[in-house]
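Q: I have a model open and want to learn how to read its features. Can we take them one at a time?

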Amino acid sequence: VFTPVKIAVDNLGRIYVVSKNYNAGIIELTKDGDFNQIFGAAEVEYNFAQIIWRNLSTKAQKERSVSLVPNEYSNICVDDKNFIYACSAYFDSLDSTGKVKKLNALGKNILSETPNLEINRYSKGTYGGAETFVDVYTLGNGIYGLLDNTRGRVFVYNDDGDMLFEFGGKGTRAGTFGTVSAFSYFNSHFYIADSKNSF
């Protein structure tokens, strides 16, 4: 079922859509709304133990085992050079590599392999666990921000994966948030939607 939840448009009028419960990639439409292609699907990676287990398993064991499927994207945006930034909120690992992608027209991730996004290392407070990136936004010049709902923070990186700064947090005092859902950047200001506190 086609259930569009996020949309972005490049300066050529091409429309990029993220559909709910759809993990095959991003849907690209022409400027007239006609289907063009699906691209940028996240790859499923097996660790060494999983590879050994799959090779040693019987057919019945394989049928009963849990299937690994790609994560669906949670949000997308397009920069001024028509590169698509996409983030994924759904995963079960503390390793942040691969949760944000910079896709070219062929759907290939050209973001540096180094974005280790060491959010857990730099974050303060009691909100542990994996990040849930609900939004991504480009600030220009290869700089992009990620909105993490787990900690209510914005993390800003360059194309080399270096974290430039972060701000926000969970709480009730000024400068903190309840449940962040989206953000934008305009005229040197960040605008953040907080669905819990209704602002």
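**Reading burial, contacts and strands**

A: Start with Lys102, which counts as buried at 9% relative accessibility. Buried means under 20% relative accessible area, exposed over 50%, and partly exposed in between, with a 1.4 Å probe and protein chains only. This is a predicted model: local features need pLDDT of at least 70, side-chain atom pairs count only at pLDDT 80 or more, and totals for chains, interfaces and linings use all residues. Residues are numbered from 1 along each chain as its sequence is written, and side-chain values use heavy atoms, with hydrogens and water left out.

Q: Which strand holds Lys102?
A: Helices (H or I, at least four residues) and strands (E, at least two) are DSSP runs, numbered from the N terminus. Lys102 lies in strand β7, residues 100-103.

Q: What does Lys102 touch, not counting residues up to four places away in sequence?
A: Contact means heavy atoms within 4.5 Å. Lys102 touches Asp79, Phe83, Ile84, Tyr85, Lys108, Asn109, Ile110, Leu111 and Asp159. Ala86 is 16 residues from Lys102 in sequence, and their C-alpha atoms are 6.6 Å apart.

Q: Which side chain makes a polar contact with that of Lys102?
A: A polar contact is a pair of N or O atoms within 3.5 Å; within protein, one must be able to donate a hydrogen and the other to accept it, and residues adjacent in sequence count only if both atoms are side-chain atoms. Here the side chains of Lys102 and Asp159 are joined at 3.0 Å.

Q: Is Ile27 buried or exposed?
A: Ile27 is buried, with a relative accessible area of 8%. Its strand is β3, residues 26-29. Beyond neighbours within four places in sequence, its contacts include Phe2, Ile15, Tyr16 and Phe35.

Q: In what order do the four strands of the open sheet run?
A: Strands of a sheet pair through backbone hydrogen bonds, either parallel or antiparallel. Two strands pair if DSSP finds at least two bridges between them. The order here is β8-β9-β10-β11, with antiparallel pairing. β8 (133-140) and β11 (163-168) stand at the edges with a single partner strand each, so one side of each is left without a neighbour in the sheet.

Q: How many bridges link β10 and β11?
A: Five bridges, in the antiparallel sense, with β10 spanning residues 153-157. Tyr157 stands opposite Met163 in β11.

Q: What sits between β12 and β13 in their hairpin?
A: Two residues lie between the strands, and Asn187 takes a positive phi near 55°. β12 (residues 180-186) and β13 (residues 189-194) pair antiparallel over six bridges. Phe183 has Ile192 in β13 as its bridge partner.
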